[in-house]
Amino acid sequence: MGVIFSRVFILFVLIFLGFYLGKRNILRAELAPDLSTFILKVAFPATVFLTMIRPFEKELVQQSGMILAAAFIMHLGGLVLGLIVIKLFHPPQSNHGVWIFSCMFMNNGFMGFPLVLSIYGDEGLFLMVFANIITNLLMFSFGIKLLTRGYAVGRTVSLKKMFVNNINIAVVIGLIFYFFQIPVPELATDLLTYIGNLTAGLSMIVVGLSLSRINLNNVFQGRDVWIATVMRLLVMPILTIVVMKLLFNGSNLMMPKVLVLMSALPIASAISIISEQYKTNTDLAAKTVFVSTLCSLVTIPLMMTIYNYF
């Protein structure tokens, strides 16, 4: 509980810092798209590559293959859930992408990695890094298409642009370096670490800058942000727990524990980053990150308790 609280608290301080800087015009809110571009093209690829530069562990290869397949199924399930919810509640067309994205993608890198390391150690972190390969490949390809669907910019997002981007290239290069155990010079690792360390802080500041353009009193109003939050924080983890209990009840494998923790994480802050870059539904995107991150302070311990004791 203490680890979760401290991690969420840090994220909120950074969000409020961005909000304050934007409201006081210390940083112009219009800078958010430029910062988003830097994160997507430079900082996040460095983070992705660094998470995969680690010693080869033969005993975890089988579980890593299983978690890759399971992560893909989990994201596919999020897509189906999002489509069902849209059919049930009929949100505006402009909100469809945010709803589906919220069901599919969780905040692995900024919250998941520190949490899984604290709770399950190096083995848990290793498996979440592998699961995050699927998240990154889908989020920065299909996820971009979702968030630009219905907007004029969506017509310019080609299949090539969806898959051939800096983050997905970093995933492929990282896999090559991992499986072939290619050594990376310490100087290069240090440089990439400095760049990668900017990712989480800048991402939260971008969320805050996005919020600074709207009335903070309206953040908690409207059904759309709450439906997206409930789907991400309650429905998806409960479905994951049920499936994991049916398939792995009594097992000592680390994989199901990591998947449950992943499913309980708040909405990926990349939803705000991508929306800012493509100038789409930035207000709802920022609201969903803020509200889901706040609520996760309660829901993550709740979901983990349900999984561990029932």
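Helix α4 passes helix α11 in a right-handed crossing in this predicted model, a crossing being right-handed if the near helix is turned clockwise from the far one by less than a right angle, and left-handed if anticlockwise. Helices are DSSP runs (H or I, at least four residues) numbered from the N terminus. The model is predicted, and local features need pLDDT of at least 70, side-chain atom pairs count only at pLDDT 80 or more, and totals for chains, interfaces and linings use all residues. Residues are numbered from 1 along each chain as its sequence is written, and side-chain values use heavy atoms, with hydrogens and water left out.

The axes of α4 (residues 96-104) and α11 (residues 223-248) come within 8 Å and cross at roughly 20°; axes are lines fitted to C-alpha atoms, for helices over the stretch in contact, and angles run from 0 to 180 degrees between N-to-C directions. α4 and α11 are therefore roughly parallel to each other (angles under 35 degrees count as roughly parallel, over 145 as roughly antiparallel). From α4, Trp99, Ser102, Cys103 and Met104 meet Asp224, Ile227, Ala228, Met231, Arg232 and Met236 of α11, contact meaning heavy atoms within 4.5 Å. The residues of this contact of α4 with α11 comprise 7 nonpolar, 1 polar and 2 charged; Ala, Val, Leu, Ile, Met, Phe, Trp, Tyr, Cys and Pro count as nonpolar, Asp, Glu, Lys and Arg as charged, and the others, Gly among them, as polar.

α11 also packs against helix α14 (residues 282-309), at an angle of about 30° and with the axes 8 Å apart. α11 and α14 are therefore roughly parallel to each other, and α11 passes α14 in a right-handed crossing. Residues of α11 in this contact include Asp224, Trp226, Leu233 and Ile241, while those of α14 include Leu284, Val291, Cys295 and Tyr307. By class, the contact of α11 with α14 has 15 nonpolar, 5 polar and 3 charged residues.

α4 packs with helix α13 (residues 270-278) at an angle of about 150°, the axes being 11 Å apart. α4 is therefore roughly antiparallel to α13, and the crossing of the two is right-handed. Val98, Phe101 and Ser102 of α4 make the contact with Ala270, Ile271 and Ile274 of α13. The contact of α4 with α13 has 5 nonpolar residues, 1 polar and no charged.

A search of the whole structure finds 4 cavities of 30 Å³ or more. A cavity is a set of points, on a 1 Å grid over the protein atoms alone, where a 1.4 Å probe fits but cannot get out; lining residues have an atom within 4 Å of a point. The largest cavity holds about 80 Å³ of space, a volume being the space filled by probe spheres set on the points, with grid points joined across faces, edges and corners. Its lining has 12 residues, of which Phe44, Asn107, Asn108, Gly109 and Met139 lie nearest the centre. Helix α5 (residues 108-139) supplies the largest share of that lining, 6 residues. By class, the lining of the largest cavity has 6 nonpolar, 6 polar and no charged residues.

Notes:
1 Å grid on protein atoms, 1.4 Å probe; cavity = no way out; pocket = protein on both sides within 12 Å on 5 of 7 lines; lining within 4 Å. Parallel < 35°, antiparallel > 145°, perpendicular 65-115°, else oblique.
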